[in-house]
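Visitor: Hello! I would like to learn how to read a protein model, one feature at a time. Could you guide me?

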Amino acid sequence: MKKLSSLRKHKFALPVLILVALSSLGFTFSAATAAPAKSQLAASAKSTLIAEGKELFLKGCSSCHGLNAEGGSIAPSLIGVGAASVDFQVGTGRMPMADMSQQAMRKKPLYTEEQTAALAAYVASLAPGPASLTNEEIEWERDGNTAEGGELFRNNCAMCHNFAGQGGALTQGKYAPTIMGVEPKHIYEAMITGPQSMPVFSDKTITVEEKLSIIKWIKAAEAEPNLGGASLGRVGPVTEGLLVWTFGLGLLIGIAVWLASKAR
Amino acid sequence: MANDLTPLSDPGLPKHVHRKADHDPKAEKRAEQQVAILFALSAVGTILFIYSYIFIKTDLFVFLPLLGNTNAHQLGLGMGLTIALLGIGFGAVHWAKTLMSDTEVIAERHEFRSSDEDRSEFVKTVKERSAEAGLGRRSLIKRTLGISVGLVGLSPILLLRDLGPLPKKQLEETSWRTGTRLVTDPGDRPIKASDLEVGAVAQVLPELRMGQKRTLEDIGKDAVLLIRLRPEEFQLDAERKSWTHEGIIAFSKICSHMGCAVALYEQQTKHLLCPCHQSTFDVTRAAKVIFGPAARPLPQLAITVDAQGYLIAQQPFNESVGPSYWERSS
């Protein structure tokens with residue numbers, strides 16, 4: 001005690017005490033106010049994202065989809081389609097469409113990831129709809145089951161997308177695209193939103209785990225090596241038959257002609 | 001004017017033209033070398049085959065133009081064996097064509113009937129041998145042999161039974177009964193109307209009763225596709241409308257043309273497409289055929305909900321599912 005009271009008379013006692021008092025006050029204040037400040041920041045970030053998205057929408061999308069995304073004679077309404085739909089259509093480059101053909105095709109995306117997120121936030125702000133996802137949120141490697149995914153794929157997807165996921169033809173120039181090399185989140189979003197000709201696959205009839213299994217199977221099919229070299233599009237007897245009937249039979253006919261010809 | 005035309009005389013066979021190798025020693029030497037090269041190539045092929053089998057790792061992939069990424073082990077085995085066999089084959093044929101004797105030989109056809117001498121000799125031999133074997137004496141052996149040979153002849157006739165029996169009512173009946181729940185395929189989970197969003201589809205099967213098993217034959221008849229539309233999109237008569245539930249409509253997945261699974265549903269046009277022969281059905285008009293060879297719409301399954309809210313069949317299919325058959329009434 002004697003030592004402490006002697007310190008009281010030290011010449012740095014007052015400045016040190018003031019410093020300790022001030023900093024403790026400051027920490028307490030910042031701790032007390034930190035949480036609300038963060039959420040305020042997030043809310044304002046979200047509203048700027050929506051505003052940014054709206055601006056992008058007015059510039060790039062509104063000529064077809066209408067100034068308020070209400071749709072028009074050549075494009076559907078986007079009210080209620082949700083962020084998942086926007087992330088799929090814009091993130092895979094399908095939207096904006098290159099031309100007014102039967103179907104929008106996958107191409108290099110025109111918008112960056114941030115711009116896509118802004119557009120998705122704007123469309124999601126119009127009416128509730130399925131939310132978009134990130135690849136990290138989809139734990140297909142952990143929660144999926146390849147064998148089960150294969151069964152689900154054959155029952156629900158293979159009729160349009162081909163038994164090896166290579167895609168196939170529909171009517172009048174429409175087609176089911178190949179699903180090789182598609183990001184997991186886009187596969188997932190396609191299943192829950194049903195883009196273009198594709199129907200929706202509800203979470204109740206194909207559960208979230210089952211969807212992850214389907215993705216896992218698709219990724220396994222993608223990684224499957226072609227032991228024989230040319231895969232011939234993996235579409236089965238059509239290309240294989242063509243090759244055998246033209247090249248194989250042609251070779252045999254050539255040999256037969258050579259066998260029967262007289263040497264000079 | 002006299003008709004002086006006379007029939008053309010038989011021109012006979014063309015004059016035999018000798019090959020170059022027959023009179024030119026240089027050409028002969030060249031042909032010999034070509035054959036030798038082909039045989040040597042075959043040997044190289046076999047060595048490649050052996051090398052690939054022993055030394056090339058089975059998981060090594062190489063990139064080849066046209067073929068893409070190819071398994072080097074398999075490629076070496078295949079190419080080696082191909083070269084080995086083709087080398088021998090081509091070499092032998094080339095040898096025969098260029099170097100072996102090319103004198104033309106004419107083989108006359110002989111009469112089909114054997115000479116009288118041969119025939120009488122044959123009859124004599126048969127008689128002698130059967131007498132030696134004691135066929136006439138050992139009647140026990142003769143009879144048992146006769147019976148066994150006759151019975152063996154019966155076996156293929158018995159197998160004709162497999163052409164039947166007639167299918168009876170099997171083609172008209174499915175596992176769908178009044179009140180059968182619709183369950184997901186795969187998963188076997190019952191479905192509520194609220195489980196399907198507008199634009200959604202579900203592949204369904206009838207729920208299994210206690211102790212019942214599902215065979216592939218059952219699935220081949222029972223498979224149903226469930227589609228949800230906006231109710232106002234339907235253009236159905238009152239009866240068919242009553243077979244839907246809140247915009248959910250159910251059709252047999254078995255094509256009325258050749259029995260393929262019709263499940264290519266285009267959400268925007270509301271068309272169902274059969275992948276086998278492109279028969280197209282309009283879902284909004286009770287699967288009316290709008291394109292392709294199918295003669296009838298897909299059978300519609302009448303659905304409703306039970307007390308717990310799960311989708312059930314109102315009644316069995318009102319017609320046979322799948323393609324036409326002889327006894328079909330419609």
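Guide: Gladly. Let us begin with record annotations: UniProt positions are given here in the numbering used for this model, and such annotations may be inferred rather than shown by experiment. Please also keep in mind that this is a predicted model.

Visitor: Which residues of chain A does UniProt list for "domain: Cytochrome c"?

Guide: The record, an unreviewed entry, lists residues 48-127 and 144-222 of chain A under that name. In the model, residues 48-127 are 51% helix and 0% strand, with end C-alpha atoms 18 Å apart. Residues 144-222 of chain A are 51% helix and 5% strand, and here the end C-alpha atoms are 15 Å apart.

Visitor: And how is chain A divided into domains?

Guide: The domain assignment gives domain 1 (45-132) and domain 2 (135-223) of chain A. Their centres, taken over C-alpha atoms, are separated by 22 Å. In the contact, 16 residues come from domain 1 of chain A and twelve residues from domain 2 of chain A. On the side of domain 1 that touches domain 2, six residues are nonpolar, eight are polar and two are charged.

Visitor: Let me try helices. At what angle do α4 and α5 of chain A cross?

Guide: The axes of helix α4 (residues 82-91) and helix α5 (residues 113-126) of chain A cross at roughly 145° and come within 8 Å. The crossing of α4(A) and α5(A) is right-handed.

Visitor: Which residues meet there, in α4(A) and α5(A)?

Guide: From α4(A) come Gly82(A), Ala83(A), Val86(A), Asp87(A), Val90(A) and Gly91(A). They meet Thr116(A), Leu119(A), Ala120(A), Ala121(A), Val123(A) and Ala124(A) of α5(A). By class, this contact of α4(A) with α5(A) holds eight nonpolar residues, three polar and one charged.

Visitor: Now for sheets. How do strands of a sheet pair?

Guide: Strands pair through backbone hydrogen bonds, either parallel or antiparallel.

Visitor: In what order do the strands of the five-stranded open sheet of chain B run?

Guide: The order is β3-β4-β5-β6-β11 in chain B, and the pairing is antiparallel. At the edges are β3 (182-184) and β11 (300-301) of chain B, each pairing on one side only. Look at β3(B) beside strand β4 (residues 201-206) of chain B: they are joined in the antiparallel sense over three bridges. Val183(B) stands opposite Leu205(B) in β4(B).

Visitor: What is the order of the open sheet of four strands in chain B?

Guide: That one reads β7-β8-β9-β10 in chain B, again with antiparallel pairing. Its edge strands are β7 and β10 (288-291) of chain B. Direction ignored, neighbouring strands of this sheet are turned by 30° against each other on average. Strand β9 (residues 280-282) of chain B and β10(B) pair over three bridges, and the bridge partner of Thr280(B) in β10(B) is Phe291(B).

Visitor: Where does UniProt place "domain: Rieske"?

Guide: An unreviewed UniProt entry places that feature at residues 221-312 of chain B. The span is 8% helix and 33% strand, and its end C-alpha atoms lie 17 Å apart. The domain assignment, for its part, divides chain B into domain 1 (20-98) and domain 2 (182-313). The C-alpha centres of these two domains of chain B lie 58 Å apart.

Visitor: One last topic: the backbone itself. Which residues are joined by a cis peptide bond?

Guide: One such bond joins Gly164(B) and Pro165(B), with omega about -5°. Pro165(B) lies in the loop between α5 (139-159) and β3 of chain B. Another joins Asp185(B) and Pro186(B), also with omega about -5°, and Pro186(B) lies in the loop between β3 and β4 of chain B. In chain A, look at Gln172(A): phi is near 50°, a positive value in a residue other than glycine. Gln172(A) is found in the loop between β1 (168-169) and β2 (175-176) of chain A.

Note on methods. Residues numbered from 1 in each chain as written. Chains lettered and ligands numbered in written order. Predicted model: local features only at pLDDT ≥ 70, side-chain atom pairs only at ≥ 80, totals over all residues. Axes fitted to C-alpha atoms, helices over the stretch in contact; angles between N-to-C directions. Helix = DSSP H or I, 4+ residues; strand = E, 2+ residues; numbered from the N terminus. Left-handed = near helix turned anticlockwise from the far one by under 90°. Contact = placed C-beta atoms within 7 Å. Nonpolar A, V, L, I, M, F, W, Y, C, P; charged D, E, K, R; others polar. Pairing = 2+ DSSP bridges. Domains from an automatic or database assignment.
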